[in-house]
Amino acid sequence: MIPYQSLHDAEISLGRNLTFAETLWFNYSATKSDYFLFCHNILFPFLIFSLVPLPLVFLEIKRLYPFDEYKIQPKVRLSLHEMLNCYKDVLKMFFLVVGPLQLISYPSIKMIGIRTGLPLPSGFEILSQLLVYFLVEDYTNYWIHRFLHNKWGYEKIHRVHHEYQAPIGFAAPYAHWAEILILGIPSFLGPAMVPGHMITFWLWIALRQVEAIDTHSGYDFPWNPTKYIPFYGGAEHHDYHHYVGGQSQSNFASVFTYCDYIYGTDKGFRYQKKILQKLKEDSTNGAAQNGRSYSEQENYKFE
């Protein structure tokens with residue numbers, strides 16, 4: 001809770017006028033407890049998970065041109081009923097595991113020093129901290145994900161997430177309850193290492209959720225703004241991991257591609273992409289490969 005009785009008191013304490021954003025924050029948060037503000041991290045993921053995948057659901061059902069040509073696994077389609085079942089299963093896990101975990105984890109947020117007061121962080125500070133959070137989460141998630149693909153980890157826990165060979169947006173958080181708890185650790189490490197403002201923490205939780213939905217979308221749109229983020233994996237990178245399935249030893253990273261490249265776990269993906277690109281070029285030139293055209297062989301495509 002902000003320790004000022006009025007905007008004037010806040011300006012006197014800071015020695016300057018409040019910015020427009022700080023005024024909005026003061027008006028919203030001044031009478032609310034830190035715990036109440038923290039609990040927004042239950043509402044935001046719920047809203048994002050419920051709303052962001054809806055355009056993808058529409059595209060999956062309607063198969064609209066030209067969007068449908070960017071479907072990564074075009075021969076695998078889910079019905080509306082199947083997608084709604086996925087949504088309901090995730091909601092159960094959200095209310096039984098994620099929500100209660102958030103409610104009881106507030107003391108850890110206070111312990112690491114997430115603040116709610118004034119001044120608000122600058123845009124540069126927010127972006128710098130978010131970058132650290134993504135890098136830390138990506139690196140630690142890589143190794144945990146890789147561990148979950150050993151025989152025991154996959155059969156006991158991770159196989160649930162791989163029930164969707166061709167992922168959809170709603171399947172991003174679809175997982176065993178133990179995996180949800182385990183993968184919460186990488187998400188918390190960044191803020192623990194570089195604690196910031198509650199607004200930055202909100203943004204981190206929201207953006208990580210949007211990123212997960214994007215990588216599980218099943219579509220590789222060339223106009224996606226994430227194409228301009230260096231080393232960003234996206235749907236193309238992660239879709240291959242689901243396509244290969246339980247025996248996959250490729251493309252473990254959650255956000256970026258550098259870990260898979262450094263540790264050699266993207267070789268199958270790069271080889272597959274190279275072969276399919278050659279088949280596509282042969283098809284364009286009117287050539288045949290093993291007596292069949294590219295369009296007849298295509299089951300999994302890249303841009």
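Predicted model: local features only at pLDDT ≥ 70, side-chain atom pairs only at ≥ 80, totals over all residues.

Colleague: How much space lies in the largest cavity?

Modeller: About 60 Å³. A search of the whole structure turns up two cavities of 30 Å³ or more.

Colleague: Which helix gives the most to that cavity's lining?

Modeller: Helix H5, residues 54-62, with three residues. By type, the lining of the largest cavity has eight nonpolar, two polar and two charged residues.

Colleague: Okay, on to pockets. How much space is in the largest pocket?

Modeller: The largest pocket holds about 1,100 Å³ of space. It has 45 lining residues, and the ones nearest its centre are Ile180, Leu183, Gly184, Ser187 and Gln209.

Colleague: Which elements give two or more residues to that lining?

Modeller: They are H4 (40-51), H6 (80-104), H7 (106-112), H8 (123-147), H10 (177-182), H11 (184-193) and H12 (198-215), each of them a helix. H12 supplies the largest share of the lining of the largest pocket, nine residues.

Colleague: And how do the lining residues divide by type?

Modeller: For the largest pocket, 26 are nonpolar, 15 are polar and four are charged.

Colleague: What about the second largest pocket, how much space lies in that?

Modeller: About 410 Å³. The second largest pocket is lined by 15 residues, with Phe134, Leu207, Ile229, Tyr232 and Phe256 closest to its centre.

Colleague: Changing topic: at roughly what angle do the axes of H4 and H6 cross?

Modeller: They cross at roughly 165 degrees, and the axes come within 10 Å. Angles over 145 degrees count as roughly antiparallel, so H4 is roughly antiparallel to H6.

Colleague: Is the crossing left-handed or right-handed?

Modeller: H4 passes H6 in a right-handed crossing.

Colleague: Which residues make the contact?

Modeller: On the H4 side you'll find Asn41, Ile42, Pro45, Phe46, Phe49 and Ser50. From H6 come Tyr87, Val90, Leu91, Phe94, Phe95, Gly99, Gln102 and Leu103. Sorted by type, the contact of H4 with H6 has ten nonpolar residues, four polar and no charged.

Colleague: Nice. Now the backbone: is the peptide bond from Leu118 to Pro119 cis or trans?

Modeller: That bond is cis, with omega near 5 degrees. You can find Pro119 in the loop between H7 and H8. Tyr65 and Pro66 are also joined by a cis peptide bond, with omega about 5 degrees.

Colleague: Where is Pro66 found?

Modeller: Pro66 sits in the loop between H5 and H6.

Colleague: One last thing: what is the phi of Phe231?

Modeller: Phe231 has a positive phi of about 65 degrees, although this residue is not a glycine. To spot Phe231 in the viewer, look in the loop between H12 and helix H13 (234-244).

Colleague: Great, thanks!

Note on methods:
Residues numbered from 1 in each chain as written. Heavy atoms only, no water. 1 Å grid on protein atoms, 1.4 Å probe; cavity = no way out; pocket = protein on both sides within 12 Å on 5 of 7 lines; lining within 4 Å. Points joined across faces, edges and corners; volume = space filled by probe spheres on them. Helix = DSSP H or I, 4+ residues; strand = E, 2+ residues; numbered from the N terminus. Nonpolar A, V, L, I, M, F, W, Y, C, P; charged D, E, K, R; others polar. Axes fitted to C-alpha atoms, helices over the stretch in contact; angles between N-to-C directions. Parallel < 35°, antiparallel > 145°, perpendicular 65-115°, else oblique. Left-handed = near helix turned anticlockwise from the far one by under 90°. Contact = heavy atoms within 4.5 Å.
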